[in-house]
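Dear colleague,

Please find below the structure that I am handing over to you. A summary of the findings follows it.

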Amino acid sequence: MYHKLLINPSFHALLRAIDNDLAEIARKESCCDCAGALHQANYSRSPLGLPASCREYYKTRRSFCCGQCRKRFTTPSVRFFGRHRFPAPIIILISFLKRSITVLTLNQVRRYFGVTVSKRTWRRWCRWWRDCFITTKFWKQAKGLLPIKCLSDRYPRAFLLAYSGTFKDKLVAVLQFLAPLTAGTYHAV
Ligand SMILES: [Zn+2]
């Protein structure tokens with residue numbers, strides 16, 4: 001079952017490696033404002049909902065600071081969905097569930113995912129996908145480039161169903177697809 005991904009350290013190690021690759025691409029650039037060199041200035045993070053064996057992969061969000069004007073450049077991420085306290089894979093997986101939000105489903109999420117999410121938080125995520133995601137600059141540009149099977153009124157569920165491969169492959173692909181939302185020009189979370 002896909003929820004086992006969340007307790008698999010190698011899955012989280014893979015996401016950290018992808019984030020490090022994204023950060024290395026950014027590090028080779030210079031400041032877009034003053035062309036100054038970028039220096040590492042990572043953020044410490046302590047996200048909710050991960051088993052102890054997986055937390056080490058989420059201790060740091062990669063970020064850089066211009067050596068001249070001090071402007072911050074936080075890089076896109078497949079692990080951190082903006083400032084959300086829950087890691088990106090948890091948000092995507094729980095948002096994938098199509099059931100209505102009831103006490104029963106909250107209990108099932110707690111049992112299967114090992115994550116306690118309040119009804120209010122889950123509703124907020126649902127609202128964001130339904131009302132905000134479709135208005136982002138990222139989505140307005142991306143939707144014209146995607147096959148029709150990716151278009152639906154249920155995101156991110158439609159993306160997970162559209163990609164091929166194992167569920168792990170699909171989830172990684174969706175996290176990579178959505179990473180631009182987490183920083184830079186398309187930052188929207
Ligand atoms: Zn600068």
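In the hairpin of β4 and β5, which residue takes a positive phi? It is R70, with a phi near 70°, and the hairpin has five residues between its strands. Strands here are DSSP runs of E with at least two residues, helices are runs of H or I with at least four, and both are numbered from the N terminus.

Please note that this is a predicted model, in which local features need pLDDT of at least 70 and side-chain atom pairs count only at pLDDT 80 or more, while totals for chains, interfaces and linings use all residues. Residues are numbered from 1 along each chain as its sequence is written, and side-chain values use heavy atoms, with hydrogens and water left out.

**Strands**

β4 pairs with β5 in the antiparallel sense over three bridges, and C65 stands opposite R72 in β5. Three bridges also join β4 to β1, again antiparallel, with C66 as the bridge partner of L38. Two strands pair if DSSP finds at least two bridges between them. Both faces of β4 are covered, since S63 and C65 on one side and F64 and C66 on the other are all buried (under 20% relative accessible area; exposed is over 50% and partly exposed in between, with a 1.4 Å probe and protein chains only).

**Zinc site**

The zinc ion has C31, C34, C66 and C69 as its protein donors, each through SG and 2.3 Å from the ion. Donors are N, O and S atoms within 2.8 Å of the metal (3.2 Å for Na, K and Ca). The site is tetrahedral, with angles of 95 to 118° among the four donor atoms; four donors count as such if all angles lie between 85 and 135 degrees. Along the chain the donors follow the spacing C-x2-C-x31-C-x2-C. C34, in the loop between α1 (9-27) and β1 (38-40), and C69, in the loop between β4 (63-66) and β5 (72-74), are 35 residues apart and link distant parts of the chain. C34 is partly exposed at 29% relative accessible area, as is C69 at 36%.

The largest pocket has a volume of about 660 Å³, the space filled by probe spheres set on grid points joined across faces, edges and corners. Of its 24 lining residues, F73, T74, T75, A183 and G184 are the closest to its centre. A pocket is an open set of points on a 1 Å grid where a 1.4 Å probe fits, with protein on both sides within 12 Å along at least five of seven lines; lining residues have an atom within 4 Å of a point.

With kind regards

Definitions and conventions
Four donors count as tetrahedral if all angles lie between 85 and 135 degrees; four count as square planar and six as octahedral if opposite donors are over 155 degrees apart and all others between 65 and 115; anything else is irregular.
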